[in-house]
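Hi,

Here is the structure I promised to pass on.

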Amino acid sequence: MQLQNMATPTEADKRFMKIAYEEAKKGYEEGGIPIGAVLVSSTGEILGQGHNLRIQDSSPVLHAEISALKSAGRLPASRYQNATMYTTLSPCSMCTGAILLYKISRVVIGENRTYVGAEDWLGVKGVETVVMDDEECREILERFIKEKPGEWGEDIGEERVGGC
């Protein structure tokens, strides 16, 4: 099921999503899964950014959103509240759990056609969610899935041997 939010992305949303996309490209160039994320304060300060590092670091948990949180380091709880998580792909249950744990109030998603994570859970918990349906975000992930379906399946907890 593909979810869409009716909110229109702002110019700031487009700018920060570009940074998340650059993180995704960096991950792809490193041989990893091309998903990027940026955590931004309510004042527009980048608190942390990162990309999926599961393959590069042989880690079961270093999805892009977790990588961005790790990059932000230890922060007071108040720094996360009213922040926005920009992610090139709909966040999975693990990443959604981290977003909810730190009470991040807004999530901007590059695309959710390739994979729909736990967006409904974000909505139930009152997190504002904006889906940009960004073509670049979708294309780089679709290319990766065609090239490495097994690694993609591993990232989302599925066994895959063929194409997407």
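**What I found**

Let me start with the salt bridges: the count comes to 11, where a salt bridge is a side-chain nitrogen of Lys or Arg within 4 Å of a carboxyl oxygen of Asp or Glu. Before going on, bear in mind that this is a predicted model, so local features need pLDDT of at least 70 and side-chain atom pairs count only at pLDDT 80 or more, while totals for chains, interfaces and linings use all residues. Residues are numbered from 1 along each chain as its sequence is written, and side-chain values use heavy atoms, with hydrogens and water left out.

One of the bridges joins Lys 14 and Glu 11, at 3.4 Å from N to O. Both residues sit in helix α1 (residues 11-29), 3 residues apart, which is about one turn of the helix. Helices (H or I, at least four residues) and strands (E, at least two) are DSSP runs, numbered from the N terminus. Glu 11 is exposed at 58% relative accessible area, and Lys 14 is partly exposed at 40%. The cut-offs here: buried is under 20% relative accessible area, exposed is over 50%, and partly exposed is in between (1.4 Å probe, protein chains only).

Another bridge pairs Glu 45 with Arg 79, at 2.8 Å from N to O. Glu 45 is in the loop between β1 (36-40) and β2 (46-51) and Arg 79 is in helix α3 (residues 77-80), so this pair ties together parts that are 34 residues apart in sequence. Glu 45 is partly exposed at 39%, and Arg 79 is partly exposed at 30%.

Then there is Asp 155 with Arg 54, at 3.4 Å from N to O. This pair links distant parts of the chain, with Asp 155 in helix α7 (residues 149-155) and Arg 54 in the loop between β2 and α2 (64-72), 101 residues apart. Asp 155 is buried at 8%, and Arg 54 is buried too, at 10%.

**Around α4**

Next, helix α4 (residues 93-101), which holds Thr 96. Thr 96 is buried, with a relative accessible area of 0%. Not counting residues up to four places away in sequence, Thr 96 touches Pro 91, Ala 118, Trp 121 and Leu 122; contact means heavy atoms within 4.5 Å. The buried residues of α4 include Cys 95, Ala 98, Ile 99 and Leu 100. Their cover includes α2, β3 (84-89), β4 (106-111) and α5 (119-124). Just after α4, Lys 103 takes a positive phi of about 55°.

How do α2 and α4 cross, and at roughly what angle? Their axes come within 8 Å and cross at roughly 35°. (Axes are lines fitted to C-alpha atoms, for helices over the stretch in contact, and angles run from 0 to 180 degrees between N-to-C directions.) Glu 65, Ile 66 and Leu 69 in α2 meet Met 94, Cys 95 and Ala 98 in α4.

**Cores and rings**

The largest nonpolar core has 33 residues, and those with the most contacts inside it are Leu 39, Leu 69, Met 85 and Trp 152. By nonpolar core I mean a set of buried Ala, Val, Leu, Ile, Met, Phe, Trp, Tyr and Cys residues joined through side-chain atoms within 4.5 Å. The elements giving two or more residues to this core are β1, α2, β3, α4, β4 and α6 (135-147), and the largest share, 5 residues, comes from α2. Another core, of 12 residues, lies apart from it, with Tyr 21, Val 38, Val 130 and Met 132 among them.

Finally, a search of the whole structure finds 3 aromatic pairs. Phe 16 and Tyr 86 form a tilted one, 5.4 Å centre to centre with 40° between the planes. (Rings of Phe, Tyr and Trp, using its six-membered ring, pair if their centres lie within 6.5 Å; planes under 30 degrees apart count as stacked, over 60 as edge-to-face and the rest as tilted.) Phe 16 is in helix α1 and Tyr 86 in strand β3, 70 residues apart. Phe 16 is buried at 6%, as is Tyr 86 at 3%.

Cheers
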